[in-house]
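Please open the structure in your viewer and keep the selection panel at hand.

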Amino acid sequence: MPEHLHGRPDVETLRALVSPRSIAVIGASDDPTRIGGRPLGYMLRSGFTGPIWPVNPKREVIQGLPAFASVEALPEAPDAVIVAVPAAAVPATLEACAAKGAKAAVVFSSGFAEIGEDGRIAQDRIRAIARAGGIRVLGPNCLGVFNAHNGWIATFSTSVERETPRPGPVAVASQSGAYGSHAFALLRARGVDTGILITTGNEADVDLADAIGYLVRDETTRVIVAYAEGIRDGEALRSALAEAAAAQKPVIFMKVGRSQVGAAAAASHTAALAGSDRVYDGLFAQYGVMRVDSTDQLLDAAQAASRGLFPDGDRLGIVTISGGVGVQMADAAEDQGLAVPEMPADAQEELKALLPFAAVRNPVDITAQAFNDLSLVGKNLTLMLEKGGYDVVVAFFTVVAGARTIAEPLIEILTEAKASFPDRVMILSLVASPEIVRKYEDAGYPVYEDPTRAVAAAAALTRFGRFFARPAEPAPPSAPAGAPAVPSRMLAEHEATDLLEAWGVPFVARRLARDADDAAAAAAAIGGRVVLKIASADIQHKTEVGGVIVGVEGADAVRAAHATLVDRVASAAPEARIDGVIVAAMAPVGVEAVIGVQRDPTFGPVVMVGLGGVLVEVLEDVAFRLAPFGIAEARRMIASLKGAKVFAGVRGAPPADIEALAELLAKVSVFAAAEADRIDSVDLNPVRVLPVGQGVVALDALIVPASGAP
């Protein structure tokens, strides 16, 4: 079996699971309402063209198909099998399927890791069978998979009963079977066809990262909707999302467990480890994934993205027949990060001549009177697209456009207006019967009743478009030649700063002094006012023991400060081993930031940046990215901070050297990735960002080595 990514089977091995040519149903039932009978009934209705072999020793015919007494009795090896037998029989069944030569199995059976330790042991056996037998296993405890493109309906979900899944551009990958089928049903109700659904359940073998990775390579899938409660293999998910970004396939992701209570519920439900929620935010930002917090957001974004148009600009044109609603939509646009620029002056004049009663700046309020002559609506839209240069136009037409006598001629006019601008997106907000809504959507115009949701859908498309339009990212900087490794012991500050300086982190001038005279000599060599700090690997937070004195100048003052430091620490931390006193230059004036590295249990080393002082401690204004990354990603990371404007200079302060901060972040990310097995955390706090052209300088460093580091 081909493997990649630390021994994980390649996602190409999922082809037999998602698109099999022959199948067997183990535990098949003649009753189409039972779990072992539903998939048979669904596939007979869907028109699966390959052979279907029911396996049940108690019957000769099942739902009109010849039945087989055992897996061994099958006429040939099936591509995929559905396993609907009691949990105790699952391992032996999978072994028989692997021995027969089956390539994939969908295990409906529950009673594994979700019930406790005994179930986990049984689930581990399933994984071992999958690896040893070269068979990919979906589940156990999953709702299955379907592929509308070939009629493969390996699920017992009743969501497919009312209507057989139809081929479509959207695919859903979900750890939760119930939520996955829920999303499919709601998308179908909106007229958005889900071509593929994969529910991973307990993930003994195939996990969500596998499913996303396969869908990225699937030619029928243009939009991926994902749902997760917890991720075990963060590197695999990162790899799958990176592939999606490179393929310019939008991923719309609901990751639950933001709250402490939610995270605990997710862990108990899926037996999964939940990484820090902010790390997920960083991961999604890094790879252009849209994170949603509600089913409505998920559906709205998928509905808009299914059209396949992703403008790479953020200019929104608003057309409305209500001035008040136009203002509401403009407010929503600002909240969503969209620009609502005015129409050019000549376009306003031309539009005013067409519609004397209209407000023509943007939002453009054409009022309901425009519907007395629908051609005016078309001319207005043409002007906005041609002269306004808007990337997306959202039109609020409410119930007026829902009238049967207006809908069809309006669709013709909209289509004519948009014909010369095939790369632009037009979204409608109106109220109409399902039949009329479908007419608009079939013509290419997503419809939302709520105008602010229409604006949010427009914003989702432009975010994807701008991400996809980015130039190729330069590689992260190279690690410095001969840079030292982190030792497997706690480091004092002077050791941590020396090590990080070798990795490219700039620090203030400093020296380690062994006694008072040495401190005075160090201060004289540095010049000006200095800071004295106790040097001890046993003291991580020096201020807590009075181990820092700032603003000292002159030899006598330095000697006195040295004595004071030593006495304070001897009293506050008598057991601490003291290496000496660090004498460091006072840092120049600049914007204070903090940089950190944390080894996340799911994703490995992640890098954090935030504004220093109360902004990081109280407002928690920080951003995360997975290491390593380049300077361009570091710039975006800084720009995402709520207080990023502080770097531009406030109250007369000069602009800060953001470029130097970005370079430092990229270097720290390279260090974090290279030393991932040796570090638990790193703190550079504070980091002083100096005025443009003057760089950055770190004032302090703390490295906590990983327990059991090599």
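Begin with the aromatic rings: this predicted model holds 13 aromatic pairs. Select Tyr 179 and Tyr 227 to see one of them, a stacked pair with 4.5 Å from centre to centre and 25 degrees between the planes. This pair links distant parts of the chain, for Tyr 179 belongs to helix 5 (residues 177–189) and Tyr 227 to strand 14 (residues 223–228), 48 residues apart. Are these two residues, Tyr 179 and Tyr 227, buried or exposed? Both Tyr 179 and Tyr 227 are buried.

Next, select Phe 464 and Phe 468. These rings also form a stacked pair, with their centres 6.0 Å apart and 15 degrees between their planes. Both residues lie in helix 16 (residues 451–468), and because they are four residues apart there, about one helical turn separates Phe 464 from Phe 468. Phe 464 and Phe 468 are both buried.

Now select Phe 253, Tyr 280, Phe 284 and Phe 603, which form one aromatic cluster.

Turn to the strands and display them as a cartoon. Five strands form an open sheet, in the order 4-3-7-8-9, with parallel pairing. Which strands are at the edges? The edge strands are strand 4 (52–55) and strand 9 (136–138), each of which pairs on one side only. From one strand to the next, the twist averages 20 degrees.

Select strand 8 (residues 104–107) together with strand 9: the two pair in the parallel sense over three bridges. Within this pairing, Ala 104 stands opposite Arg 136 of strand 9. Then select helix 2 (residues 38–46), which lies across strand 3 (23–26), strand 4 and strand 7 (80–83). Relative to strand 4, helix 2 runs at about 165 degrees.

**An enclosed helix**

Select helix 10 (residues 295–305). Why is helix 10 described as largely enclosed by the rest of the structure? Eight of its eleven residues are buried, and therefore the description applies. The buried residues of helix 10 include Leu 298, Leu 299, Asp 300 and Gln 303. Ala 301, Ala 302, Ala 304 and Ala 305 are also among the buried residues.

Select Lys 387, which is found in helix 13 (residues 374–388). Lys 387 is partly exposed, its relative accessible area being 31%. Beyond its neighbours within four places in sequence, Lys 387 is in contact with Pro 344, Asp 346, Ala 347 and Glu 350. With Glu 350 there is a polar contact between the two side chains, at 2.8 Å. Ala 345 is 42 residues from Lys 387 along the chain, and the C-alpha atoms of these two residues are separated by 9.8 Å.

Finally, select Arg 688 in strand 29 (residues 679–689). Why does Arg 688 count as buried? Its relative accessibility is 15%, and buried means under 20%. Now display the surroundings of Arg 688. Leaving out residues up to four places away in sequence, Arg 688 touches several residues, among them Ala 587, Pro 588, Val 589 and Gly 590. Gly 695, Val 696, Val 697 and Leu 699 are also among the residues that Arg 688 touches. A polar atom of the Arg 688 side chain lies 2.9 Å from the backbone oxygen of Pro 588.

How values were computed
Residues are numbered from 1 along each chain as its sequence is written. This is a predicted model: local features need pLDDT of at least 70, side-chain atom pairs count only at pLDDT 80 or more; totals for chains, interfaces and linings use all residues. Side-chain values use heavy atoms; hydrogens and water are left out. Two strands pair if DSSP finds at least two bridges between them. Axes are lines fitted to C-alpha atoms, for helices over the stretch in contact, and angles run from 0 to 180 degrees between N-to-C directions. Contact means heavy atoms within 4.5 Å. Rings of Phe, Tyr and Trp (its six-membered ring) pair if their centres lie within 6.5 Å; planes under 30 degrees apart count as stacked, over 60 as edge-to-face and the rest as tilted. Buried means under 20% relative accessible area, exposed over 50%, partly exposed in between (1.4 Å probe, protein chains only). A polar contact is a pair of N or O atoms within 3.5 Å; within protein, one must be able to donate a hydrogen and the other to accept it, and residues adjacent in sequence count only if both atoms are side-chain atoms.
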